[in-house]
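Dear colleague,

Please find the structure below, handed over for your records.

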Amino acid sequence: VQLQASGGGLVQAGGSLRLSCAASRSTISDNAIGWYRQAPGEQRELVVVISSGGNYAEYKDSVKGRFTISRDNAKNTVYLQMNSLKPEDTAVYYCNAVTRFGNYWSPGRSWGQGTQVTVSS
C-alpha cells in the first residue's frame, strides 16, 4: 500500500495544520496507519498510529495533547490535525501502513511522497 501525504505548509508557532493521507490505488481500511516525520539531519520517527477501525491511537509524548489522528475509511483517508505547532515540529511528514510486532510498529516497505511542514518562531 503506497500512501501520499498532503496538506503541509508554512505556519507560525502556535498555528495549526491538517494533514491528509490517502491511497489512490488500494484500500486502507484494513490497515493501521502511522504518521512519521523526518527533520533535516535526523532519522525518520513515528509520531502517531491509528488502528484500522479508528478506535485506538498511540501518540509520541511530544505531540500528545496537540496532535489528533483520525480516519475516514469511506474516503480512504487518514488525517492528522496539528495544533499549537512548535518550531521543533518542522519536518517532512509521511504516512504509511504499519504492522505491530510487540511494542514496535513496522512500516510498509514503500514510502510515498511526504509533505513539508515548516513552523516559524
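Tyr36, Tyr94 and Trp111 form one aromatic cluster. This is a predicted model, in which local features need pLDDT of at least 70, side-chain atom pairs count only at pLDDT 80 or more, and totals for chains, interfaces and linings use all residues. Residues are numbered from 1 along each chain as its sequence is written, and side-chain values use heavy atoms, with hydrogens and water left out.

The structure contains two aromatic pairs (rings of Phe, Tyr and Trp, the last by its six-membered ring, with centres within 6.5 Å; planes under 30 degrees apart are stacked, over 60 edge-to-face, the rest tilted). The ring centres of Tyr36 and Trp111 are 5.0 Å apart with the planes at 90°, so this pair is edge-to-face. Tyr36 belongs to strand E4 (residues 32–38) and Trp111 to the loop between strand E10 (104–107) and strand E11 (115–120), so the pair ties together parts 75 residues apart in sequence (strands are DSSP runs of at least two residues, numbered from the N terminus).

Tyr36 is buried, at 6% relative accessibility, whereas Trp111 is partly exposed at 28% (buried is under 20% relative accessible area, exposed over 50%, partly exposed in between, with a 1.4 Å probe and protein chains only). For Tyr94 and Trp111, the ring centres lie 5.9 Å apart and the planes at 80°, so this pair is also edge-to-face. Tyr94 is in strand E9 (residues 91–101), 17 residues from Trp111, and is buried at 15%.

Finally, the charged end of Arg44 sits over the ring of Trp111, 4.0 Å from its centre (CZ of Arg or NZ of Lys within 6 Å of the ring centre and within 35 degrees of the ring normal).

With kind regards

Definitions and conventions. Helix = DSSP H or I, 4+ residues; strand = E, 2+ residues; numbered from the N terminus.
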